[in-house]
Amino acid sequence: MTTAPEAFTTAGDGGVRIVGDRIGDPLAPAVVFLHGGGQTRRSWGRAAAAVAGRGWQAITLDFRGHGESDWSSDGDYRVASFARDVLEVLRDLPPKPVLVGASLGGFTSMLLEGELAPGTARAVVLVDIVPDMDQSGASRIHNFMFDRMQSGFDSLDEVADMIQEYNPHRPRPTDLDGLRANLRHRDGRWYWHWDPKFIDGTSALPPTEVTEVDRMHAAVQTIVNAGVPMLLVRGQMSDLVTQERADAFIARFPEVDFVDVGGAGHMVAGDRNDLFADAVVDFLSRHAAR
């Protein structure tokens, strides 16, 4: 029986405080969910519960600068630093976890298993991300995150309207309480729940690795050469991983499993959590037996 999430904290790289949730038996093999840029660990709630319901230990983390984790005092938001934070969390988990990474979390998974610490993971799931992502889609996401970053919002209704405009295929939520996890309430206004330096260009050490296509391809090559099972889950309406980008990735790495989720955009787990969770659980049952 799946229990409620249990929060925990870990000292990440350089002592940055990393906050996470655990669902399931702490002695069971772990599936570690890594969110995208600007998101929090709450975005994985239903998917984590589904995985924990199959007997795994589901771990969801807030990256540094996001959610309840500390902001980096020196503006270090390199993908390698995210990966080193995750490695510190993994020290307290059973060996050989599964890494499930969306967007920025996918780049973190690639770099962690394919460059920094090969042999760490038993499997890797990339959620709507490939090394050679579509730059116009990436710019659209950046613009969405940058807009209203400093000014904030008058109300949760205003936030919901902006999200609806960005994701018109997703129904506007009738219960707005779920938005609170992604926002901070300060001086009567609502602000995104992440460090502005992460996105506004003022970070001393930004995540430039996301533009290093050859480096990320080399990391994926290392992963598949080692025989680590990989799955790419694409949102069928994604403008970041277009059909052409997905086809090119699978042609380059035919060892990688592929699932195309209908009715979903870049935020696959949020758009169609039922299909996403089924795809992940099926992949785990076939390739990452506990």
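D128 is buried, at a relative accessible area of 0%, where buried denotes under 20% relative accessible area, exposed over 50% and partly exposed in between (1.4 Å probe, protein chains only). The model is predicted, so local features need pLDDT of at least 70 and side-chain atom pairs count only at pLDDT 80 or more, whereas totals for chains, interfaces and linings use all residues. Residues are numbered from 1 along each chain as its sequence is written, and side-chain values use heavy atoms, with hydrogens and water left out.

Most residues other than glycine have a negative phi. D128, not a glycine, has a positive phi near 50° and lies in the loop between β6 (123-127) and α4 (135-146); helices (H or I, at least four residues) and strands (E, at least two) are DSSP runs, numbered from the N terminus. K96, likewise a residue other than glycine, has a positive phi of about 60°. K96 is located in the loop between α2 and β5 (98-102) and counts as partly exposed, at 37% relative accessibility.

Helix α2 (residues 79-90) comprises 12 residues, which at 1.5 Å a residue should span 16 Å; the expected span is 1.5 Å times one less than the number of residues. The end C-alpha atoms of α2 are 17 Å apart, in agreement with this expectation. Nine of the 12 residues of α2 are buried, so the helix is largely enclosed by the rest of the structure. The buried residues are V79, A80, S81, F82, A83, D85, V86, V89 and L90. Their cover includes β1 (6-11), β2 (17-23), β3 (30-34), β4 (57-61) and α3 (104-116), contact being defined as heavy atoms within 4.5 Å.
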